[in-house]
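Here are my notes on the model, as numbered points. Please read them with the structure open.

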Amino acid sequence: MNHVELAFRNLQRRQTRSILTILGVAFAVGSFITLYGLSRSVHENVTRSFEEHGSDLTVKRRGIAEPFGGTIPEDVIPEIRKIPGVKDVTGQLLTFAATDKGDNVLAAGWSPDSFYWKTAPLKAGRLPYPNENKVALVGSEIARALDKKAGDDITLLGDKFKIVGITDFHSIINRNQVVVKLADLQELTFRPGAVTFLSIELEHPGDKAEADRVSKAIEAMGKFTVSPSEGLLRNDSLFGLMTAVSSAMAWVALFMGVLMVLNTLLMAVLERTREIGILSAIGWSKERIMLALVIEGFILSAFGSLVGILLGVAGSKFLSSIPSIGRYVAVEPTIPLIAATAVAAVVLGVLGSFYPAWVATRASPAEALEHA
Amino acid sequence: MTAKDLLQLEHIGHAFDQGRIVALKDINLAFGESESAAILGASGSGKTTLILVMCGIRTPTRGVVRWRGEPVTTLKQWTDLRRSEIGIVFQDFNLFTTLTAAENVEVAMFGSPASGAERKRRVDRALDTVGLADRATHLPQELSGGERQRVAIARSIINDPKLILADEPTGNLDSKNAAAILDLLFDLQKARGSTLIMVSHAPALARRCARQINMKDGEVIDEQVTRAREEAL
C-alpha cells in the first residue's frame with residue numbers, strides 16, 4: 001500500500017463524503033464550462049455565421065450600440081468596390097421579424113447580386129430567381145421548428161412569403177435564419193436603400209496588409225467601422241454587455257463552487273483531526289500527513305473535474321436544446337476551455353487541501369488525539 | 001540513572017491552562033532495556049500525561065527527556081522515535097475505521113524502506129503473532145474490542161520498537177479479553193526483549209510488572225521494585 005492506494009481506500013470507504021465532495025467540484029466545473037461557454041458562444045456563432053458566407057471584412061455604422069440598429073446606405077457599395085484589394089461587396093439587412101405563430105425569427109435581406117447566394121447550401125428546393133420577389137430561403141432548424149418545407153408559405157412582419165428552398169448551413173444562426181430579397185425586407189422595415197452590414201470579399205483573404213489597407217480606405221469614407229468577421233462584435237456594446245453578464249455569471253458560479261469545495265475539503269480534513277493525531281502518534285511526520293491529505297484532495301478534484309466536464313457538456317447541450325436559446329446560439333464548450341477549467345479545478349483542489357492540512361497538522365498530537 | 005537506560009525523565013513538569021493546572025511535578029525516572037513497569041494512580045494523577053510525555057506526544061513544560069542518554073527536543077526526533085523505536089497502545093485502540101486490520105498495521109510502516117512484499121510479510125507475521133491472521137481483511141468495526149486491541153498491539157510492534165507504551169490497554173475490555181491482552185503484551189515483551197511501560201489503575205495488573213510506580217497529584221509518591229530489577233541494576 002502506498003500513499004495513493006491509502007488515499008483511494010480512505011475515499012472509497014467514506015463514500016458519502018467523497019461523492020458529495022466530487023459533486024461539489026463537478027458542479028463548480030460544470031456550471032463554469034456551461035456558463036462561460038454560453039458567454040463565448042454568442043461571439044463565436046455570430047463570427048461563424050459571417051465566415052460561412054465568405055465574408056472577410058464587415059462594415060457597420062460607427063457609434064451605434066444595438067447590433068441591428070445602425071444602417072448604411074446601399075449607394076456606398078459601388079464606391080467601396082473600387083478600392084484596390086476588394087473583390088466584391090454586398091449589403092445585408094438584418095432584423096428580428098414576427099412570423100406565423102408569433103415567434104420571432106432572424107430575417108436577412110440579400111440583394112439579388114449578393115455573393116451570399118453562392119454560399120447558401122440547399123437542403124431542399126431552389127434559390128430564388130433574380131427577379132422573383134416575396135420568396136424566402138428558410139434555415140433548416142427554423143423550418144423544422146415551424147414545420148415548414150419548400151413550397152409552403154411563411155409570414156414575416158405580416159406579409160406572406162413563399163418558401164422556395166431550405167438551407168443547410170453549419171452555423172446555428174444561419175440555420176435559424178429566413179433569407180428574403182433585400183428590397184422586400186427594406187420595404188417591410190421602412191428602410192429603403194439601407195442595409196445593416198456590408199460584407200467585403202477580399203482579393204487575397206489571408207493578406208493582413210491588404211485587409212488593413214481596405215479597412216483604412218473604407219473608414220476614411222467616414223462614419224463606418226470595419227472589422228474582420230471574427231472581430232465584428234468586439235466593439236459592440238450590446239453584445240459586450242451580454243458577454244459581460246454571462247461571463248460574470250460564470251465567474252460567480254465558479255467562485256461559489258470554489259468556496260463550496262474549499263469548505264468541503266476543510267471540513268473533511270478537520271473532522272479527521274483525531275486520525276491525524278493517530279498518524280502522528282505512530283510516527284508520521286507533518287509533511288507525510290500533509291502529503292496524504294493533499295493526495296486525497298487531488299483525487300477528489302480530479303474526479304470532480306472529470307464529472308464536471310461531463311456535466312458541463314451535458315449542460316451546454318441542454319441550453320442549446322432550449323428553443324429560445326438554441327435558435328441563436330449553439331453552446332459548445334471548446335477543448336481549451338474544458339482543459340483550462342479542469343486543470344484549474346485540480347490545481348485549486350490541491351492548493352485547497354494544503355490549508356486544511358496545514359491547519360490540521362499544526363495541532364499538537366495530544367490535542368489531535370483528544371479530538372472527538 | 002545509568003548509561004544503560006533507554007529512557008530517562010529528568011525533572012519533568014507539565015502544566016495546562018497557562019500554568020494554572022499542574023499535571024506533572026518534577027518527575028525523575030529512568031527505564032532500562034527489556035524491563036517492564038506499571039504506572040499506577042487514580043484518575044487525574046498524571047499517569048496518562050506522563051506516558052504521553054515519554055513518547056513526545058506531549059511536550060513537557062519543564063525538564064528533559066533523554067533517549068539512550070541523548071536529549072530529545074525536536075519534533076523530528078520524536079517523530080523518528082515513534083516511527084522506529086517506540087510503539088504505543090491506547091485504551092481506545094485508535095484504529096482507522098476506513099482501513100482493514102492489515103492496513104491499520106501497515107500504515108505504521110509508511111516511511112520505512114521495506115519493500116511492498118517485505119511489508120506484507122511483516123504485517124502478516126504481526127497479525128499472526130497477535131492471533132488475528134484470519135481477520136486481516138476485516139474493518140475495525142467488524143472486530144470485537146479484544147480483537148481491535150490486538151490490531152493496535154500488532155501495529156505497535158510492527159517496526160520492532162525498543163519501547164512499548166500502553167495507556168490502560170485493557171481499560172475498554174472485559175476481564176477475559178483483558179487477561180488475554182495482558183498475556184500477549186508480556187509475552188511480546190519477553191520474546192522481543194523490549195521495554196514495556198503500562199499505565200493502569202488496577203494493582204493486580206501492575207503486579208505482573210517488574211516495577212510499580214505510584215503517582216498522585218502529578219508526583220511519583222512511591223516506587224516498588226522487584227528483586228529481578230534490583231539485581232539488574
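This is a predicted model: local features need pLDDT of at least 70, side-chain atom pairs count only at pLDDT 80 or more; totals for chains, interfaces and linings use all residues.

1. Make-up of chain A. Chain A holds 13 helices and 12 strands. Its radius of gyration is 28 Å, well over the 21 Å that the globule rule gives for 372 residues, so chain A is more spread out than a compact globule. The C-alpha trace spans about 90 × 45 × 30 Å along its principal axes. Buried residues account for 44% of the 372 residues in chain A.

2. Domains of chain A. Two domains are assigned: domain 1 (3-46 + 239-370) and domain 2 (63-222). The C-alpha centres of domain 1 and domain 2 of chain A are 45 Å apart.

3. Strand 4 of chain A. This strand covers residues 104-110 and is mostly covered, with six of its seven residues buried. Strand 3 (residues 86-98) of chain A runs antiparallel to strand 4 of chain A, and seven bridges join the two. Within that pairing, Gln92(A) has Trp110(A) in strand 4 as its bridge partner. The two strands form a hairpin with five residues between them. Gly102(A) sits in the turn and has a positive phi of about 85°.

4. The other partner of strand 4 of chain A. Strand 9 (residues 177-181) of chain A runs parallel to strand 4 of chain A, joined by five bridges. Here Leu106(A) stands opposite Gln177(A) in strand 9 of chain A.

5. Two backbone angles to check. Most residues other than glycine have a negative phi. Leu157(A) has a positive phi, near 50°. Leu157(A) lies in the loop between strand 7 (153-156) and strand 8 (159-167) of chain A. With 16 C-beta neighbours inside 10 Å, Leu157(A) counts as partly exposed. Arg68(B) also has a positive phi, near 50°. Arg68(B) lies in the loop between strand 4 (62-67) and strand 5 (70-71) of chain B. Arg68(B) has 14 C-beta neighbours inside 10 Å and therefore counts as partly exposed.

6. Make-up of chain B. Chain B has eight helices and 10 strands. What does the radius of gyration of chain B say against the value for a compact globule? Chain B has 17 Å, and a compact globule of 233 residues would have a value near 17 Å, so the two agree. The C-alpha trace of chain B spans about 45 × 40 × 40 Å along its principal axes. Of its 233 residues, 48% count as buried. Among contacts in chain B between residues at least 6 apart in sequence, 70% join residues at least 24 apart.

7. The sheet of chain B. Six strands form an open sheet in the order 6-7-8-3-9-10, with mixed pairing. Strand 6 (86-89) and strand 10 (219-225) of chain B are the edge strands, each pairing on one side only. From one strand to the next, the twist averages 15°. Helix 5 (residues 145-157) of chain B packs on the sheet and touches strand 6 and strand 7 (163-167) of chain B. The direction of helix 5 makes about 170° with that of strand 6 of chain B.

8. Inside that sheet. Strand 3 (residues 36-40) and strand 8 (residues 195-200) of chain B run parallel and are joined by five bridges. Ala37(B) has Ile197(B) in strand 8 of chain B as its bridge partner. Strand 6 and strand 7 of chain B also run parallel, with four bridges between them. There, Ile88(B) has Leu165(B) in strand 7 of chain B as its bridge partner.

9. Faces of strand 6 of chain B. In a regular strand the side chains alternate between the two faces of the sheet. Ile86(B) and Ile88(B) point one way from strand 6 of chain B, while Gly87(B) and Val89(B) point the other way. Are these four residues buried or exposed? All are buried.

10. The interface. In total, 17 residues of chain A are in contact with 18 residues of chain B. Helix 1 (3-12), helix 9 (273-281) and helix 13 (365-370) of chain A each supply at least two residues of the side that touches chain B. By class, that side of chain A has nine nonpolar, three polar and five charged residues.

Definitions and conventions
Residues are numbered from 1 along each chain as its sequence is written. Chains are lettered from A and ligands numbered from 1 in the order in which they are written. Two residues are in contact if their C-beta atoms, placed from the backbone, lie within 7 Å. Ala, Val, Leu, Ile, Met, Phe, Trp, Tyr, Cys and Pro count as nonpolar, Asp, Glu, Lys and Arg as charged, and the others, Gly among them, as polar. Two strands pair if DSSP finds at least two bridges between them. Axes are lines fitted to C-alpha atoms, for helices over the stretch in contact, and angles run from 0 to 180 degrees between N-to-C directions. The radius of gyration is taken over C-alpha atoms; the globule rule is 2.2 Å times the number of residues to the power 0.38. A residue is buried if 20 or more other C-beta atoms lie within 10 Å of its own, exposed if 12 or fewer, and partly exposed in between; C-beta atoms are placed from the backbone. Domain bounds come from an automatic or database domain assignment.
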